[in-house]
Amino acid sequence: MRCIPPRRSAAPQGPVLGRALATALVALLLTGSGPAPGTAPRAVEAAPASPAPLAATALDRLLADRRLTGAAVSALVTDATTGEVLYQHSPDAQLLPASTLKTVTAAAALDLLGPDHRFTTTVLAAGRRTGTVLTGDLVLRGGGDPSLLPADLDALAARVAAAGIGEVSGDVLADASRYDDVPLGAGWAWDDQGAYYSPEISALTLTTDADDDVGSVRLTLTPDPAPGHPAAVRVTPAEAPVRLSGHVDTGAPGGETTAEADRRPGGNEIVLSGTLPADAGPTEEWVAVTDPARLAGTVFRAALARHGVTVRGEVREQPAPGGAAVLAEHDSVPLAALLPPFLKLSNNGIAEHLVKEVGRVRSGSGSWTAGLAQLADFSRRAGLTAASTRQADGSGLSRKDLTTARNLTALLHFARQQPWFAAWYDALPVAGDPRRMVGGTLSGRMRGTPAEGRVHAKTGSMTGVEALAGYLDRADGRTLAFAVLLDDFTGESPRPVLDAFAAQLAGTDASAAAAGPGPTPRRLPPGIAHDWESGCAAAGRC
């Protein structure tokens with residue numbers, strides 16, 4: 001799929017509607033979601049007033065919704081093939097993108113690393129072998145793999161045993177030197193350090209499942225049959241160097257689930273609190289740990305023991321010494337295969353691994369500084385305006401990040417011309433598709449509207465921020481590229497306004513979708529697929 005690069009519109013700032021789309025939308029004006037009396041949504045840029053082709057449109061009324069009173073609102077809709085601007089509302093306002101920034105990171109990684117790029121974890125022998133004894137250390141060297149599982153470490157341990165090593169006189173060295181030792185991104189919240197969506201970033205890290213939540217452990221909480229007794233707790237991986245304190249109570253059947261697990265900053269103590277109803281099934285909590293390399297090294301040492309390899313020493317963090325011999329390697333799946341959990345589930349850890357990996361591969365430094373410099377060069381080449389972009393991380397978790405709706409749509413147009421477009425497009429969440437690795441963060445949204453299945457877009461959610469950027473395939477065969485950024489709202493969530501906006505573009509009356517109240521932040525019940533946007537919305541603190 002190819003398109004003409006987007007062209008800059010010479011039209012004045014303010015609402016502008018393309019003639020073809022205006023004809024379709026003008027008959028679909030909303031009847032129940034206009035602005036409440038009082039202050040209108042904030043115009044974020046100073047622009048000269050000018051007559052608009054339409055005095056009012058359905059999209060204008062949506063963006064004047066009472067939930068956006070006093071908020072910053074920006075939108076741009078273009079024809080994905082020609083670049084023609086069809087609608088705009090403060091498209092150059094510099095706002096927080098939240099996770100829509102991941103579209104930039106994913107595109108840059110595909111462009112700068114290639115869809116076939118893999119991350120390699122290596123086991124090396126640092127010492128002299130005498131029979132089955134390695135006199136020296138065994139090194140587990142991280143290659144930045146954000147999908148490394150305990151099962152992968154078990155397979156590596158089996159290969160060490162198969163190589164004839166039965167004893168290691170020294171230590172297991174956890175080597176995370178591929179990346180720098182800065183664990184957290186600029187502007188990340190200190191009180192989110194235990195949250196799985198805010199993990200420490202290390203070249204040697206571990207995830208517990210195919211969601212690829214790096215540097216985290218999973219706690220399975222099972223209520224006792226009798227109310228008043230503590231719930232049982234199982235930690236995965238079992239060898240994780242964490243300490244549990246507190247407890248989760250078993251409550252009366254039918255009661256509310258309030259169980260929480262949080263890590264205190266500065267260590268690996270996980271504090272349990274809250275209640276699980278006696279009739280609830282097992283509930284899972286993911287907690288980010290400090291020192292992910294030690295977690296991986298500890299799990300690897302236990303795997304060696306299971307395969308008959310005795311390590312006399314401890315787990316230490318240290319780069320592999322020169323001359324260490326390779327014993328075994330594990331390659332990740334190709335980068336293109338990592339994109340679905342990255343974009344569908346809005347995985348922050350993968351984003352930051354990609355930034356540091358780009359820095360390492362392209363400039364020899366596995367750091368945010370080096371990686372973000374490479375991403376900035378890519379962004380300029382993709383048509384994003386440097387003066388209106390500030391990227392402090394790869395995930396959008398930082399509140400230092402800024403971009404514009406115009407920049408996001410420029411990326412949408414650029415991507416369609418690239419050889420890696422299919423992998424990038426297929427990894428975007430699909431509106432209303434219940435399959436978790438298809439619909440992702442849009443699985444439960446826009447169902448029953450013409451936008452269902454037609455919107456392929458990246459969501460973005462933080463406290464006070466909602467965003468959506470991607471493509472919409474209209475029934476008439478026209479593909480639109482759009483971006484909407486909503487910042488600084490303080491009341492109920494305007495997420496229904498975003499969904500109604502997309503439904504309106506698809507050619508439907510969106511009043512029903514927009515009229516209802518926004519979702520109240522709440523704890524997600526057991527069984528709801530976890531992703532960081534839902535998690536932070538439930539916690540109400542990100």
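Biologist: A polar contact is a pair of N or O atoms within 3.5 Å; within protein, one must be able to donate a hydrogen and the other to accept it, and residues adjacent in sequence count only if both atoms are side-chain atoms. With that in hand, which backbone oxygen lies 3.0 Å from a polar atom of the side chain of Ser 202?

Modeller: The backbone oxygen of Leu 204. Before we go on, this is a predicted model: local features need pLDDT of at least 70, side-chain atom pairs count only at pLDDT 80 or more, and totals for chains, interfaces and linings use all residues. Residues are numbered from 1 along each chain as its sequence is written, and side-chain values use heavy atoms, with hydrogens and water left out.

Biologist: Got it. Where is Ser 202 found?

Modeller: Ser 202 sits in the loop between β7 (172-175) and β8 (216-222). Strands (E, at least two residues) and helices (H or I, at least four) are DSSP runs, numbered from the N terminus.

Biologist: Is Ser 202 buried or exposed?

Modeller: Buried, because its relative accessible area is 9%. Buried means under 20%, exposed over 50%, and partly exposed in between (1.4 Å probe, protein chains only).

Biologist: What is Ser 202 in contact with?

Modeller: Leaving aside neighbours within four places in sequence, Ser 202 meets Ala 176, Tyr 179, Pro 292, Ala 293 and His 353. Contact means heavy atoms within 4.5 Å.

Biologist: And Ser 177, where is its place?

Modeller: Ser 177 is also in the loop between β7 and β8. Ser 177 is partly exposed, at a relative accessible area of 40%.

Biologist: What does Ser 177 touch?

Modeller: Pro 319 and Arg 360, not counting residues up to four places away in sequence. Its side chain also has a polar contact of 2.6 Å with the side chain of Asp 175. Then there is Glu 317, 140 residues away along the chain from Ser 177. The C-alpha atoms of those two are separated by 9.4 Å.

Biologist: Let's zoom out. How many helices and strands does the protein have?

Modeller: The protein has 14 helices and 21 strands. Of its 542 residues, 56% count as buried. Take the contacts with a separation of 6 or more: residues 24 or more positions apart account for 73% of them.

Biologist: On to helices. At what angle do α7 and α8 pack?

Modeller: About 85 degrees, with the axes 7 Å apart. Helix α7 covers residues 348-363 and helix α8 covers 368-381. That makes α7 roughly perpendicular to α8. Axes are lines fitted to C-alpha atoms, for helices over the stretch in contact, and angles run from 0 to 180 degrees between N-to-C directions.

Biologist: Which residues in α7 meet α8?

Modeller: Glu 352, Val 355, Lys 356, Val 358, Gly 359, Arg 362 and Ser 363. Their partners in α8 include Trp 368, Leu 372 and Leu 375. By class, the contact has 6 nonpolar, 4 polar and 3 charged residues. Ala, Val, Leu, Ile, Met, Phe, Trp, Tyr, Cys and Pro count as nonpolar, Asp, Glu, Lys and Arg as charged, and the others, Gly among them, as polar.

Biologist: How do α3 and α6 cross?

Modeller: At roughly 175 degrees, and their axes come within 11 Å. Helix α3 is residues 102-113 and helix α6 is 335-344. The two are therefore roughly antiparallel to each other. Angles under 35 degrees count as roughly parallel, over 145 as roughly antiparallel, 65 to 115 as roughly perpendicular and the rest as oblique. Among the contact residues are Ala 106 and Leu 110 of α3 and Leu 339 and Phe 342 of α6. That contact divides into 8 nonpolar, 1 polar and 1 charged.

Biologist: Strands now. How many residues of β21 are buried?

Modeller: 9 of its 9, for residues 479-487. Both faces are covered. One side includes Ala 481 and Leu 485, and the other includes Phe 482 and Val 484.

Biologist: Which strands does β21 run antiparallel to?

Modeller: Strand β2 (residues 72-79) pairs with β21 in the antiparallel sense over 8 bridges. Two strands pair if DSSP finds at least two bridges between them. Val 77 stands opposite Phe 482 there. Strand β20 (residues 465-473) also runs antiparallel to β21, joined by 9 bridges. Glu 466 has Leu 486 as its bridge partner.

Biologist: What do β20 and β21 form?

Modeller: A hairpin with 5 residues between them. Gly 477 in the turn has a positive phi of about 95 degrees.

Biologist: Last one. What order does the open sheet of 3 strands have?

Modeller: β10-β13-β12, with mixed pairing. The edge strands are β10 (243-246) and β12 (260-263). Strand β12 runs antiparallel to β13 (residues 269-273), joined by 4 bridges. Asp 262 stands opposite Val 271 in β13.
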